[in-house]
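Biologist: I am new to this one. Show me the model, and I will ask how you know what you say about it.

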Amino acid sequence: MLINKTINLSKTLTLVALAGAVSAASASALADQWRGWNIHPPSYPNSIALESFADEVAEKTEGRIEPKIYHNAVLGDQPDAIEQTRNGALDFANFNMGPMGPIVSATNILSLPFIFKSPDDMYRVMDSEIGDRFADALEEKNLMALSWFGSGARSLYNTDHPVNTPVDVEGLKVRVMNNDLYVQMIDELGGNATPMAYSEVYQSLKTGVIDGAENNYPSYESSGHYEVAKYYSLTEHLILPECLCVAKSSWDTLSAEDQGIVREAAQHAAVEQRQLWKERAETSRQRVLDAGVEINEVEDKAAFQAKMQPIYDDFVAEHPDLESLVEDVQAAQE
Ligand code: BDP
């Protein structure tokens, strides 16, 4: 009797366990497992905001979508991740508009040096109907830009000397993001541009393959570039928006309700990112100063702007269809 009872009990337990496994399996078969790409380490403002996005989406869709973020570019460098998101191998990502230029021509407008007067102007323009036009251009290439993050202003830094005037850039080997516009930008200043993946910059600075690069305070600090390139010069030549982008193929499978949830979560994430960004920019500035970095103001930014004017002229000559959008971005800041 006792033996029989034990057998029955263990059978029952097995059945219960099986039923549990089956229902868990069917729940996760129903759930959309979303893979998200991120270039930054987990403590970076963008990363924290992406995690909030993932949590809000999972919670509000009651697990119908389960986003998971892969930080530190473990799924590939940025140009590669853009391709993967366009073809649906990745579901979402935070992309900078710099490396987007070779794929979505209109976004090159955002990469024209000094196109935005300040990060606040950038936010204002991107949050307006003008930002929607950039989102439309991205959508044509299978990327849904659901909200805009900030990335401050990018400035030049190098291992050798402070940059005060364009002459100080002459002969410097400067890493740029993957975009011909940036090659031209450094060329116009008399430097030698080297397009290179972000992950390779630290080692290249250290071994002298390049002399410098350009980035905002949080990236200059979190990447450790400040340890090897100690002169940070406030040229503030690029103020680039970033998107929280979802693959169009993933987006199109969603119900209208879930699209609403995902869009709203992306907008909340942007509000959080912008606030965290502000704080982190200051913390990073202080950290690099404490580490002995020499930061210099650039008094005559107009001199840099003048040197870079041919970039505008060539861009408009090559893309006459985009001239009015360039003008609209400028006029929105007057
Ligand atoms: C950072 C951007 C990141 C870029 C990186 C770079 O947030 O998307 O990949 O600069 O310079 O500021 O490559």
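Biologist: Which residues are around the ligand?

Modeller: This is a predicted model. In it, the residues around the ligand are Ile 39, Gln 78, Asn 96, Ser 151, Met 177, Tyr 198, Asn 215, Asn 216 and Ser 219.

Biologist: Which domains does the shell draw on?

Modeller: Domain 1 (32-150 + 242-282) and domain 2 (154-239 + 292-331) each give at least three residues to the shell.

Biologist: How far apart are the C-alpha centres of domain 1 and domain 2?

Modeller: The two centres lie 24 Å apart. The contact between the domains takes 30 residues from domain 1 and 26 residues from domain 2.

Biologist: Which helices supply the side of domain 1 that touches domain 2?

Modeller: Helix H3 (78-86), helix H4 (119-126), helix H5 (129-140) and helix H11 (256-290) each supply at least two residues. H4 gives the most, with 3 residues. That side of domain 1 divides into 20 nonpolar, 7 polar and 3 charged residues.

Biologist: Now single residues. Why is Leu 205 called buried?

Modeller: Count the neighbours. Leu 205 has 25 C-beta neighbours inside 10 Å. The cut-off for buried is 20 or more. Therefore Leu 205 counts as buried.

Biologist: Where is Leu 205 found, and what is it in contact with?

Modeller: Leu 205 is found in helix H7 (residues 201-207). Neighbours within four places in sequence aside, Leu 205 is in contact with Thr 159, Ile 210, Ala 213, His 225, Val 228 and Ala 229. Another pair to look at is Leu 205 and Tyr 220: 15 residues apart in sequence, and 12 Å apart from C-alpha to C-alpha.

Biologist: What makes Pro 41 partly exposed?

Modeller: Pro 41 has 13 C-beta neighbours inside 10 Å. A residue is exposed at 12 or fewer and buried at 20 or more. The count of 13 falls in between, so Pro 41 is partly exposed.

Biologist: Where does Pro 41 lie, and what does it touch?

Modeller: Pro 41 lies in the loop between E1 and helix H2 (45-60). Not counting residues up to four places away in sequence, Pro 41 touches Ser 47, His 71, Asn 72 and Ser 222. Pro 41 and Ser 223 are 182 residues apart in sequence, but their C-alpha atoms are 8.9 Å apart in space.

Biologist: And Leu 156: buried or exposed?

Modeller: Leu 156 has 27 C-beta neighbours inside 10 Å. Buried needs 20 or more. So Leu 156 counts as buried.

Biologist: Which strand holds Leu 156, and which residues is Leu 156 in contact with?

Modeller: Leu 156 is in strand E5 (residues 154-158). Leaving aside neighbours within four places in sequence, its contacts are Val 163, Gly 212, Glu 214, Ser 233 and Thr 235. The C-alpha atoms of Leu 156 and Val 169 are separated by 9.1 Å, and the two are 13 residues apart along the chain.

Biologist: How do you know that strand E3 is mostly covered?

Modeller: In E3 (residues 92-96), 5 of its 5 residues are buried. Phe 92, Asn 94 and Asn 96 are buried on one side, and Ala 93 and Phe 95 are buried on the other. Asn 96 is also one of the residues around the ligand.

Biologist: Which strands pair with E3, and in what sense?

Modeller: Strand E1 (residues 32-37) runs parallel to E3, joined by 2 bridges. Gly 36 has Phe 92 as its bridge partner in E3. Strand E10 (residues 242-247) pairs with E3 in the antiparallel sense over 5 bridges. There, Ala 93 stands opposite Cys 245.

Biologist: What is the mean pLDDT of the chain?

Modeller: The mean pLDDT is 93, and 91% of the residues reach 70 or more. Over residues 1-27 the pLDDT is below 50, and this stretch has 1 contact in the model beyond near neighbours in sequence. Where pLDDT is low, the predicted coordinates should not be read in detail.

Biologist: Last one. How many helices and strands does the chain have?

Modeller: The chain has 13 helices and 11 strands. Of its 334 residues, 42% are buried.

Notes:
Residues are numbered from 1 along each chain as its sequence is written. This is a predicted model: local features need pLDDT of at least 70, side-chain atom pairs count only at pLDDT 80 or more; totals for chains, interfaces and linings use all residues. A residue is near a molecule or strand if its C-beta atom, placed from the backbone, lies within 6 Å of it. Domain bounds come from an automatic or database domain assignment. Two residues are in contact if their C-beta atoms, placed from the backbone, lie within 7 Å. Helices (H or I, at least four residues) and strands (E, at least two) are DSSP runs, numbered from the N terminus. Ala, Val, Leu, Ile, Met, Phe, Trp, Tyr, Cys and Pro count as nonpolar, Asp, Glu, Lys and Arg as charged, and the others, Gly among them, as polar. pLDDT is the predictor's confidence in each residue, from 0 to 100. Two strands pair if DSSP finds at least two bridges between them.
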